[in-house]
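My entries follow in the order I looked things up.

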Amino acid sequence: MGLGAHESSDLKPLTPEEYLFFRNYIMREAGIDLGENKSALVMGRLSKRLRALRLFEWKMYIRYLKDLGNDEERKLVVNLLTTNKTEFMREAHHFQFLVEKYLPSLVQQMGDEKRPIYFWSAACSKGHEPYTLAMVLEDYKARNFVNFDYRILATDINTDVLEFAEAAVYESMEVKPALPAHFIELFFFKGLGSREGSYRVKDQIRSKVKFRPFNLISDEVIPLLFDVIFLRNVLIYFNQSTLQHVVEKIHRHLLPGGALFVGLSESIGDRRDLFESLGYSTYRKWP
Ligand SMILES: C[S@@+](CC[C@H](N)C(=O)[O-])C[C@H]1O[C@@H](n2cnc3c(N)ncnc32)[C@H](O)[C@@H]1O
């Protein structure tokens, strides 16, 4: 019997102990709390990797992961076990709020301070969020005949999504229904020939966004204080103590008076005391 006979159909379901290993693993590495019952998800996401390594038992893979110095494999598991769902103009209310309620005074203040506005998209996934932000800011400038400089730092723990985001190429079905026609016209190149149906973000927008890996639960610090931080649709994966730790960390990276946006279905838990609530999951760090 060749190795081929041991492919996925031969892979037995995870035992409760094996599932617990992966549950603890992703909790330790990323803070993600999978809960009791995500065995099917773990198998679905990792079985292809076992096949590629020609491993036909979960315990062999677990042993492989436990090998010291297996850093590349660790990264791979984290990339496979994070959920990266995102879209352009997601939770559009936030962008409207930013432009109408927050930006005018910020722009005036930046004019006085003569510095760029610093934004951080702190779980940016495939780039839709930071690119939407840059497009909204460019649109605001054009509509209001104002000029200001800004920078967007975009980070994620998943190195695959960051690579995708840097390439800045998206399918028509992601771009067209989500963005106003004039955004597509102004900020994307339309693919031709073999690239028909895909869209590439123009350099005018790409150059405003800098992507880099960053783990929200690590001790790493970004040596910059931000005016606005987007931390959307990532807190839902954390348990209460991790959430509190991450919110405190984000708070330390905000300027006094700076704004924090979390997902519309998310809460910042017990650390609401650190912020003034502005509604719609938007907060301001107490000045
Ligand atoms: C569902 S996506 C949200 C993307 C975007 N913010 C949005 O709202 O559309 C969640 C992202 O959080 C990232 N993530 C999960 N745990 C993380 C951690 N510990 N540090 C940094 N990013 C993390 C995932 O890789 C994923 O790309």
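I began with helix H6 (residues 128-144), which lies across strand E1 (117-121), strand E2 (150-156), E6 and E7. H6 runs at about 170° to E2. For angles I used axes fitted to C-alpha atoms, for helices over the stretch in contact, with values from 0 to 180 degrees between N-to-C directions. Helices (H or I, at least four residues) and strands (E, at least two) are DSSP runs, numbered from the N terminus.

I noted the ground rules. Residues are numbered from 1 along each chain as its sequence is written. The model is predicted, so I kept in mind that local features need pLDDT of at least 70, side-chain atom pairs count only at pLDDT 80 or more, and totals for chains, interfaces and linings use all residues.

Next I traced the sheet. Seven strands form an open sheet with mixed pairing, in the order E6-E2-E1-E7-E8-E10-E9. Two strands pair if DSSP finds at least two bridges between them. Strand E6 (209-213) and strand E9 (275-279) are the edges, each pairing on one side only. Neighbouring strands are turned by 20° against each other on average, direction ignored.

I then zoomed in on one pair. Strand E7 (residues 226-231) and strand E8 (residues 254-262) run parallel over five bridges. Phe 226 stands opposite Leu 254 in E8. Helix H11 (residues 240-252) packs on the sheet and touches E7, E8 and strand E10 (282-285). The direction of H11 makes about 135° with that of E8.

Ile 250 touches Ala 122, Ile 229, Leu 231 and Leu 260, leaving aside residues up to four places away in sequence. Contact here takes C-beta atoms, placed from the backbone, within 7 Å.

Last, I checked the domains and the ligand. The assignment, automatic or from a database, gives domain 1 (3-81) and domain 2 (93-285). Their centres, taken over C-alpha atoms, are 32 Å apart. Where does the ligand lie? Both domains give residues to the shell around the ligand, so it lies between them. I counted 24 residues around the ligand, the closest being Thr 82, Thr 86, Ala 123, Ser 125 and Asn 233.

How values were computed
Near = placed C-beta within 6 Å. Contact = placed C-beta atoms within 7 Å.
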